[in-house]
Amino acid sequence: RLTRKGQGKLLEARLPYQNAGVYALSPDSITTNPLHQPRTALDEANVKRIVESFDKNLFQPVEAVEKSPGVFELIHGHHRLEAARRLGLARIPVRVLNVTPEEAIRLAEQANLAGKPLTPMETARLFDRRLRRGQEPVAVVRDLPGAGIRVNQVEDFARLGNLPKVAQDAIDDPVLGKHFTVQHGIRLARAQAKYGMPDAEVQAF
């Protein structure tokens with residue numbers, strides 16, 4: 001939550017034409033956290049589109065939380081932040097949210113699911129993080145309806161993250177994924193868990 005010192009810095013930087021809670025901050029003051037971003041890579045085409053169509057009056061605020069005075073952690077707006085850095089912008093509009101760490105993660109996950117669909121492995125890593133935090137599969141599906149996964153599929157998807165990297169890459173590959181599908185990966189992950197197969201054996205399977 002915002003510290004008194006941090007609030008002072010933000011009040012000085014407040015954008016006069018924006019709503020309450022939106023501030024003009026340096027992109028360099030904003031860090032990213034893998035826990036807030038289930039995607040493994042930015043969509044380069046999306047970043048280029050933002051750069052090429054940039055209009056300071058239409059630039060939507062990114063969302064972040066304050067981690068320490070003057071230092072913020074991004075929740076939503078990774079492509080906009082990257083575009084701003086490429087454009088060399090000194091300040092960008094940032095909506096600073098006053099939420100708990102758990103709420104920040106949930107908001108980031110929901111925002112990502114509202115955009116471009118996650119790949120199967122990005123979905124797997126998202127579910128795995130949820131389960132490791134002690135959440136039940138039914139709660140995972142309830143909180144992330146945009147994932148399009150049924151309750152009985154959650155644990156199977158999460159197991160995909162235990163496969164060797166070569167298998168994970170194959171599942172997400174547009175070409176290889178037609179031959180080594182999610183269902184192939186799930187069956188292999190089940191066998192890996194049941195028989196304790198090392199990665200070398202899994203890859204040769």
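Helices α5 and α8 are oblique to each other, because their axes cross at roughly 125° and oblique covers the angles left over when those under 35 degrees count as roughly parallel, over 145 as roughly antiparallel and 65 to 115 as roughly perpendicular. The two axes come within 7 Å; axes are lines fitted to C-alpha atoms, for helices over the stretch in contact, with angles from 0 to 180 degrees between N-to-C directions.

The model is predicted, and local features need pLDDT of at least 70, side-chain atom pairs count only at pLDDT 80 or more, and totals for chains, interfaces and linings use all residues. Residues are numbered from 1 along each chain as its sequence is written, and side-chain values use heavy atoms, with hydrogens and water left out. Helices (H or I, at least four residues) and strands (E, at least two) are DSSP runs numbered from the N terminus.

On the α8 side, A167, Q168, A170 and I171 are buried, that is, under 20% relative accessible area, against over 50% for exposed and partly exposed in between (1.4 Å probe, protein chains only). These residues lie on the same side of α8, because they cover an arc of only 160° around the axis, the arc being that of the directions from the helix axis to the C-beta atoms. They pack against α5 and α9 (182-195).

Helix α5 comprises the 13 residues 120-132. At 1.5 Å a residue, α5 should span 18 Å, and its end C-alpha atoms are 18 Å apart, which agrees; the expected span is 1.5 Å times one less than the number of residues. Its buried residues are M121, E122, T123, A124, L126, F127, R129 and R130, and they pack against α4 (101-114), α6 (137-143), α7 (154-159) and α8 (165-172). Just after α5, G134 takes a positive phi of about 90°.

The axes of α4 and α5 come within 12 Å and cross at roughly 155°, which makes α4 roughly antiparallel to α5. The crossing is left-handed, meaning that the near helix is turned anticlockwise from the far one by less than a right angle, with clockwise giving right-handed. R106, E109 and L113 in α4 meet L126, R129 and R130 in α5.

R129, located in α5, is buried with a relative accessible area of 18%. Leaving aside residues up to four places away in sequence, R129 touches P34, L35, Q37, P38 and E109. Of these, L35 is 94 residues from R129 in sequence, yet 8.4 Å away in space, C-alpha to C-alpha.

Elsewhere, α2 (residues 44-52) and α3 (residues 78-87) pack with their axes 9 Å apart at an angle of about 55°, which makes α2 oblique to α3. Their crossing is right-handed. E44, N46, V47, I50 and V51 in α2 meet H79, R80, E82, A83, R86 and L87 in α3.

| Helix pair | Axis distance | Crossing angle |
|---|---|---|
| α5 and α8 | within 7 Å | roughly 125° |
| α4 and α5 | within 12 Å | roughly 155° |
| α2 and α3 | 9 Å | about 55° |

Over the protein chain, the secondary structure comes to ten helices and five strands. Buried residues make up 43% of its 205 residues. Among contacts with a separation of 6 or more, residues 24 or more positions apart account for 67%.

Key:
Contact means heavy atoms within 4.5 Å.
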